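Subject: Structure handover

Hello,

Please find the structure below, followed by notes on what was found in it.

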Amino acid sequence: QVELVESGGGTAQAGGSLRLSCKADGRTAGSIAMAWFRQVAGKEHDFVAGVNWNGARENYDDSVSGRFTMSRNNAKNTVYLQMNSLKPEDTAVYYCAADSREYRAVAATSQDAYGYWGQGTQVTVSS
C-alpha cells in the first residue's frame with residue numbers, strides 16, 4: 001500500500017511557473033515509478049510526466065515537453081513537477097500516481113498501470 005500526499009498548485013498567469021510536490025509513504029515507495037496526470041472536468045486522466053523507479057529516466061507528454069520537468073528525491077520519497085511557461089490549456093486538476101509494479105524501467109503512460117493516486121490539486125492558468 002502506498003499513500004500519496006500532494007502539495008503545490010494554485011493560480012498563475014500565462015507564462016508563469018508553479019511547482020507541485022508529491023510525497024509517497026509505503027514499503028515500496030522507493031522502488032516504483034511515479035507520474036503526474038491531469039484531468040479536465042468530464043474527461044479522462046491524461047498523462048503529463050513520469051519518472052522511473054530510480055529517477056534515471058523521465059518521460060513527458062508532447063504538450064508539456066520542454067516546459068515541465070519532473071524529478072524525484074528517493075531519500076525523501078518525493079517527486080516534483082516544475083511547470084514553467086504555463087499556458088491556459090494547462091488548467092486542470094493534477095494527480096500524482098504511483099505504479100502498481102516495482103522497478104519499471106520507464107514510467108507507463110496509461111493510467112491503468114497506476115494503482116495509487118493522490119487527492120489531486122487544482123492548477124489554474126489565466127491568460
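Aspartate 90 and arginine 38 are both buried, where buried means under 20% relative accessible area, exposed means over 50%, and partly exposed is in between (1.4 Å probe, protein chains only). Before the rest, some conventions. This is a predicted model, in which local features need pLDDT of at least 70, side-chain atom pairs count only at pLDDT 80 or more, and totals for chains, interfaces and linings use all residues. Residues are numbered from 1 along each chain as its sequence is written, and side-chain values use heavy atoms, with hydrogens and water left out.

Salt bridges

There are three salt bridges, a salt bridge being a side-chain nitrogen of Lys or Arg within 4 Å of a carboxyl oxygen of Asp or Glu. Aspartate 90 pairs with arginine 38 at 2.9 Å, N to O. Strands (E, at least two residues) and helices (H or I, at least four) are DSSP runs, numbered from the N terminus.

Aspartate 90 also forms a salt bridge with arginine 67, with 2.8 Å between the closest N and O atoms. Arginine 67 sits in the loop between β6 (58-60) and β7 (68-73), and aspartate 90 in the loop between β8 and β9, so the pair ties together parts 23 residues apart in sequence. The relative accessible area is 1% for aspartate 90 and 11% for arginine 67, which is buried.

Arginine 104 and aspartate 99 meet in a salt bridge through their side chains, at 2.5 Å from N to O. Arginine 104 is buried at a relative accessible area of 17%, and aspartate 99 also counts as buried, at 1%.

Disulfide

The structure has one disulfide, defined as a pair of cysteine sulfur atoms within 2.5 Å. Cysteine 22 is joined to cysteine 96, with an S to S distance of 2.1 Å. The two cysteines belong to distant parts of the chain, 74 residues apart: cysteine 22 is in strand β3 (residues 18-26) and cysteine 96 in strand β9 (residues 92-102). The link is left-handed, with -80° about the S-S bond. Cysteine 22 and cysteine 96 are both buried.

Surface charge

A patch of negative charge on the surface is made up of Glu44, Asp46, Asp61, Asp62 and Asp112. For such patches, residues need over 30% relative accessible area and no salt bridge, and like charges are joined within 9 Å. Asp and Glu count as negative, and the place of a charge is taken as CG of Asp or CD of Glu. Accessible areas come from the Shrake-Rupley method with a 1.4 Å probe. Aspartate 112 is in the loop between β9 and β10 (114-117) and is exposed, with a relative accessible area of 69%.

Regards

Definitions and conventions
Patch = residues over 30% accessible without salt bridge, like charges linked within 9 Å, V, L, I, M, F, W, Y side chains within 5 Å.
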